[in-house]
Every structure is written in structure tokens, then in C-alpha cells.
Amino acid sequence: MASIREVPASSPKRFERIGAHTHIKGLGLDENLKAEKIKDGMVGQEKAREAAGLVVKLIKEGKLSGKCIILAGPPGTGKTAIAVAISRELGENVPFIQMSGSEIYSTERKKTEILIEAIRKCIGVEIHEMRKVYEGEITSLNINTAPHPYNPYQRVPESVRLTLKTKEEERTIEAGASIAQQILSSGISEGHVVQIDAETGRVASLGLSLESSKGKTYDVDTRRKIPRPEGKVLKEKEFVYVLTLADLDEINARNRSGGVFSLLFGGSETKEIDTEVRMAVDQQVKEWVDQGKAFIHPGVLFIDDSHLLDLEAFSFLGRALESELVPIIILATNRGVTRIRGTDVKSPLGFPIDLIDRSVIIATHPYDAESIQEILRIRAKEEKIEMEDEALEKLTKVGANTSLRYAVQLLSLAAQNAKARGSEKIKKDDVDRVDELFMDVTEAAEYLKKYEERLMVH
Ligand SMILES: Nc1ncnc2c1ncn2[C@@H]1O[C@H](COP(=O)(O)OP(=O)(O)OP(=O)(O)O)[C@@H](O)[C@H]1O
Ligand SMILES: [Mg+2]
């Protein structure tokens, strides 16, 4: 029997930096995609939310891949919040990757390499595969042990003989050490329904058989119970995996020999992924799609603070948008007209004009005091912070005068301050104190400017 190795995780890994956005549960739209003033942790900003709702709908219908969406608005107006809400609305099966424009700058890897990897993490591939498996309820199980080769006092599983029963037949099979080991370590015994991959020997327990004596007797047993399988013991079954292109790259890079399908059941050391591997994966995926064995689910790549990207990165993204396997790209920026990084050219949003031309833009607007107060109230609840009305009034005022983001940060700091003086509830004094201790951007800029002037004089 084949040796058994660890199976790579099938779900895409997500990395999220959303500490400040945990209260966002969705876009807060009704069934006609109209925004309700307060819903799903979202407050106000109705137009942007409704636009985002349309985008989600198109993404779900698969009509938006290769498009670019720009979220533009002043700092603290909820651009990141809306992107987080979009990811919530898309659900678990659509890959959503969030990164900051600054993440492309690394001393170890090329910018384009980082972007390619991010893009490939956003493309889901649903693969359907027929595999031969032995399946049935275990009616008898004998594990033979032998002395350990290095330590004769210890015994290790050497082989296994087991009888599998379906509604139609019963068959006894014999297998080697690796299968015996898997059966022992996952606590599989008589009465379990198992699936053993005929080619790789991977063992999976599906649950207890309802017809077995164990399945009948233990009423309080919480293990999953399923009926005894139908059909023959050895059969072909369809398996469905949802992986991303990045997962497939990794699997393929791990083991360049053999087809990718069988590699889903094993792999060894990870190597650097080169262009050749990616091209092979793309080729393979396209073939599967043509043969009806795979389906593509384009996800979303969200690049926050995109004005930090440079011309090289923008032109790479522009080119990527034209290729076949590409996710929806959402770029957020709070810049008006600024220099495109890596050039002397000034441009709206700090993006190249041709990229803007190809995008739809969703604008976010500054909040009124009422919305700010509501958002602060939601944040306080989310962080389990209690505060007096006066303190909330004061924080709202700070938010209206400076930025919402600053007010949200002060909220957590004020809570710490309250705790430090032994109280669970924030008072106005706590807000005043932290407001005094910390600076918002304008204050900081003014202060530094003054300082700069002093240095210039000397
Ligand atoms: N409409 C909203 N409803 C609820 N919470 C919101 C809303 N808009 C913003 N927030 C919250 O306010 C804080 C600041 O907003 P956010 O970080 O999304 O702003 P931003 O536009 O991304 O700012 P920046 O340009 O500085 O990145 C976050 O904690 C966010 O979750
Ligand atoms: Mg942001």
C-alpha cells in the first residue's frame, strides 16, 4: 500500500487585519438592495453600501471578474469597513484576501511576486474528482503488531485485516502498516463506516453505522451516525474539493512528479513556486474546466491604502486584469490628487489614469454627528465598554471635529483609562484625559511643523 502523508488543508487560508471592524456583519441591505440606516453594524453611508451591494450581487453571479473597483473617500469614512462588509456578504466559499498597499515592499521578495501570490489566493477552483475507494461498515477488525525495529520491547502495528460490509456485500481486505496506523490513531473500530482510498490508502471515518450494535446501543453517543453504505465495497465516488490557485501551486510545487489530482492526497516539502509551476497549474485548471471537472470561483483581492502602490505594481495589476484567471480587485484610497509612487506624475487618487478609466468608483462621504455617535455606540457595545452619556457626547464631538477613526481609537484608550482608575464605566473625564494625552493628525502635523520651523531657525 502507498505510504500516507499529510493532506493539505482544503480551505483557503485567510489573513485579515480587522480588529477595528469586528462589529461589521454585512452591508445592512434589504432584499431590494436598499440600505437601512442602521443594520448589520453599519450606519449611514447608504449610497456606498448600496453600490457595494450591487457589486456583491455581480460577483456572486460571476459577472465581475477582471474588473477593478475603487473605494475613494476621506480618512475614517468607512472604506475598509465597506470592504470588510463585502467579504462578509460573499460568504465563506468566495476567497477574499485583504492586504495593504505597503505589503508589497519586502526585502526578500519581488513586488510582483507578492501580488501574483495574492491574486492566486483569490481564485477558487472547485474540483470534482472520481476516485476508487473501499467503503463500508467495519464488521471485523484485526490489527497485527510486530516488535519495533529499533526497540523490540515496543510493539507497532504491522498490518491489518478488516471486513467491510455494505447493504449489498461483505468483503475482507488486508492492508499494510500505514493503514493500520491510521486506524489505530483515529480510534476507528468495529461499527464505524470508513472510506479507504484504493490508490493512496488514506483512511477517513464517516461515522458510526446505524445498523451496527454500537450505533444502536449508545443513545447518548454524540458521534455522527449514518446508514450502512449502499452498493459494492469497492466503488468509484465523486469527491469535491475547493482549493485556490495558490493551493494548487503549492501542491504542484511540492511534488512535480505525477498529476495534480493524486497529489491532493499527499505531498512533501514546500519549495519556492516558480513561473513554470504556475503555468502548468493554469494549463491543468483550464483543461479541467473544459472537461467539466472543475469550476472557477473568482474571489476578491482588496488592497487597502492603494496609494502606497507604485507604478510598477499598478501596471502589473493593469496587465493582470486582462488575463483569464483573475479576481475582482478592490482598491481603497483616501488621497485626492497626488503623485503616483515611483514617478513625478500627479494623478487623481494617486492611480494611473488608464487604471481609473477601467474601474468603477464608489465614494464614501464624511459622517454627520448623529452617525458618528451611532457608530461609537456600536463600537462600545462590541468592545463591551460602558460609558456615561456625557462621555459619548464628548467623543462624538471629537469625532466630528477630527475623524471617526480617531474617535474610535480614543474610545478604547478611554476605556483603559477608566480601568486604570478602577472603574468599569467611561466618564467624560476619561475622554478628556486621553484626548489630551494623544494627538489627532492635524494636531500632530501642526506640532511637527512648529518644531521643524524651530530647527530651521537654529
Ligand atoms: N458606516 C459605518 N458603520 C459602522 N462603522 C463604521 C462605518 N464607517 C466606518 N466605521 C468604523 O469606523 C472606523 C473607521 O473607519 P474605516 O477604517 O473603515 O475608515 P477608512 O475610510 O478605511 O479610513 P482610512 O482612509 O484612514 O483607511 C472603523 O472602526 C470602522 O469599522
Ligand atoms: Mg482604511
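**Close-up views of a predicted model**

**Figure 1. The whole protein.** Of the 458 residues in the protein, 38% are buried. The model shown is predicted. The protein has 15 helices and 19 strands. Consider the contacts with a separation of 6 or more: residues 24 or more positions apart account for 67% of them.

**Figure 2. The shell around ligand 1.** Ligand 1 is surrounded by 22 residues. The closest are Pro 75, Gly 78, Lys 79, Thr 80 and Asn 334. Sorted by class, the shell holds 9 nonpolar, 11 polar and 2 charged residues.

Figure 3. Why does ligand 1 lie between domain 1 and domain 3? Domain 1 spans 19–122 + 299–363, and domain 3 spans 369–444. Both domains give residues to the shell around ligand 1, so the ligand lies between them.

**Figure 4. Helix 11 against helix 13.** Two packed helices are described by the angle between their axes and the distance between the axes. Helix 11 covers residues 369–382. Helix 11 and helix 13 pack at an angle of about 35°. Their axes are 10 Å apart. The crossing is right-handed. Helix 11 brings Ile 372, Ile 375, Leu 376, Arg 379 and Ala 380 to the contact. Helix 13 brings Leu 404, Ala 407, Val 408 and Leu 411. By class, this contact has 8 nonpolar residues, no polar residues and 1 charged residue. An α-helix has 3.6 residues a turn, so residues three or four places apart point the same way.

**Figure 5. Glu 170 in strand 7.** Glu 170 sits in strand 7, which covers residues 170–175. Glu 170 has 13 C-beta neighbours inside 10 Å, so this residue counts as partly exposed. Which residues does Glu 170 touch, leaving aside those up to four places away in sequence? They are Thr 139, Thr 163 and Lys 165. Thr 139 is 31 residues from Glu 170 along the chain, and the C-alpha atoms of the two are separated by 8.8 Å.

Figure 6. Is helix 6 (residues 245–254) largely enclosed or largely open? Of its 10 residues, 9 are buried, so helix 6 is largely enclosed by the rest of the structure. The buried residues of helix 6 include Leu 245, Ala 246, Leu 248, Ile 251 and Ala 253. Asp 247, Asp 249, Glu 250 and Asn 252 are buried in helix 6 as well.

Note on methods: Residues are numbered from 1 along each chain as its sequence is written. Chains are lettered from A and ligands numbered from 1 in the order in which they are written. This is a predicted model: local features need pLDDT of at least 70, side-chain atom pairs count only at pLDDT 80 or more; totals for chains, interfaces and linings use all residues. A residue is near a molecule or strand if its C-beta atom, placed from the backbone, lies within 6 Å of it. Ala, Val, Leu, Ile, Met, Phe, Trp, Tyr, Cys and Pro count as nonpolar, Asp, Glu, Lys and Arg as charged, and the others, Gly among them, as polar. Domain bounds come from an automatic or database domain assignment. Helices (H or I, at least four residues) and strands (E, at least two) are DSSP runs, numbered from the N terminus. A residue is buried if 20 or more other C-beta atoms lie within 10 Å of its own, exposed if 12 or fewer, and partly exposed in between; C-beta atoms are placed from the backbone. Two residues are in contact if their C-beta atoms, placed from the backbone, lie within 7 Å. Axes are lines fitted to C-alpha atoms, for helices over the stretch in contact, and angles run from 0 to 180 degrees between N-to-C directions. A crossing is left-handed if the near helix is turned anticlockwise from the far one by less than a right angle, and right-handed if clockwise.
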